[in-house]
Amino acid sequence: MAQKETNGSNGEHTTSRPPPTPSPLRFSKFFQANLRILVTGGAGFIGSHLVDKLMENEKHEVIVADNFFTGSKDNLKKWIGHPRFELIRHDVTQPLLVEVDQIYHLACPASPIFYKHNPVKTIKTNVIGTLNMLGLAKRVGARILLTSTSEVYGDPLEHPQTEAYWGNVNPIGEGYPRGEHTHSWVRHYSWPHFITEFEFQ
Ligand SMILES: O=c1ccn([C@@H]2O[C@H](COP(=O)(O)OP(=O)(O)O[C@H]3OC[C@@H](O)[C@H](O)[C@H]3O)[C@@H](O)[C@H]2O)c(=O)[nH]1
C-alpha cells in the first residue's frame, strides 16, 4: 500500500510504495531457468562485446534491440541464427514490450559527430528512450542498468568527478541519464537500478 512520507530536506510529501512483483511468467512452468536479457544498442561497440560475454553463459537468452544508427549487424554476426539470440530493429523512442529479466540500456549515439547530427532526436533517445526502458523494467519486473557518459560532466574542472560535482555541461551531457535525472522515477517506484558513466581515455 502506498504510504505518505515527508522528505526532511524540503518538507515535500512524496509517495513510497513497494516495488512491483516480477512478471508471473518468470515463475511459470514454461520458464526454463534461462535469464532473458535485453541489450538496447547491442549492435554497437560496447553492446556487442557485452552480448559476447552474456552469450558465454548457456543459461542466458539475449535479445538485442538496435536501430543501427551507428551500430552494425556485422558486430553480432556470430550470434545471428543462434537459438538463444534474437535481434530486433527497434528505435527505443518507441515502446517495446518483451518479457525479460534484465535490461542493459545502451542505445544512444555515443560520439559528438553522431549525437550532434540531430540533437533533438538525441535528446528524445536519451529521455523518451530511457523512460520507455524504465517503464518496461517496471512492467515486466526486470532489473535495469542505464549506461550514461562522462559527458554529463562536460569539460570537468575536477578529476575524478564525484556525483556531487555538476561539471561544465553541454547539451549531450544534459540529456544523458544521470543519478538525478532518473532519481524521481526510481524513487517513486523503489526500483532496483544502476547507472554507470563511461569515460574513455
Ligand atoms: O537512437 C539510437 C541511437 C543509437 N542506437 C545504437 O546504440 C549503439 C551505440 O553504440 P556505439 O558503438 O555507437 O557506441 P558505444 O558502444 O561506444 O556506446 C556505448 O557506450 C557509451 C554510452 O554512452 C552509450 O550509450 C553506449 O551505447 C549502436 O549500436 C546504435 O546503432 C540505437 O539503438 N538507437
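This is a predicted model: local features need pLDDT of at least 70, side-chain atom pairs count only at pLDDT 80 or more; totals for chains, interfaces and linings use all residues.
Strand β7 spans residues 143–149 and is mostly covered, since five of its seven residues are buried. Strand β6, made of residues 102–105, pairs with β7 in the parallel sense, and the pairing runs over four bridges. Within this arrangement, Gln102 stands opposite Arg143 in β7. In a regular strand, side chains alternate between the two faces of the sheet.

The count of aromatic pairs in the model comes to one. This pair is formed by Phe69 and Phe114, whose ring centres lie 6.0 Å apart. The planes of the two rings stand at 75 degrees to each other, and the pair is edge-to-face because planes over 60 degrees apart are placed in that class. The pair links distant parts of the chain, as Phe69 and Phe114 are 45 residues apart. Phe69 belongs to the loop between β4 (60–66) and β5 (85–89), whereas Phe114 lies in helix α2, residues 112–115. Phe69 has a relative accessible area of 39% and is therefore partly exposed. For Phe114 the relative accessible area is 34%, so Phe114 is also partly exposed.

Ile128 counts as partly exposed because its relative accessibility is 36%, a value between the limits of 20% for buried and 50% for exposed residues.

Conventions: Residues are numbered from 1 along each chain as its sequence is written. Side-chain values use heavy atoms; hydrogens and water are left out. Buried means under 20% relative accessible area, exposed over 50%, partly exposed in between (1.4 Å probe, protein chains only). Helices (H or I, at least four residues) and strands (E, at least two) are DSSP runs, numbered from the N terminus. Two strands pair if DSSP finds at least two bridges between them. Rings of Phe, Tyr and Trp (its six-membered ring) pair if their centres lie within 6.5 Å; planes under 30 degrees apart count as stacked, over 60 as edge-to-face and the rest as tilted.
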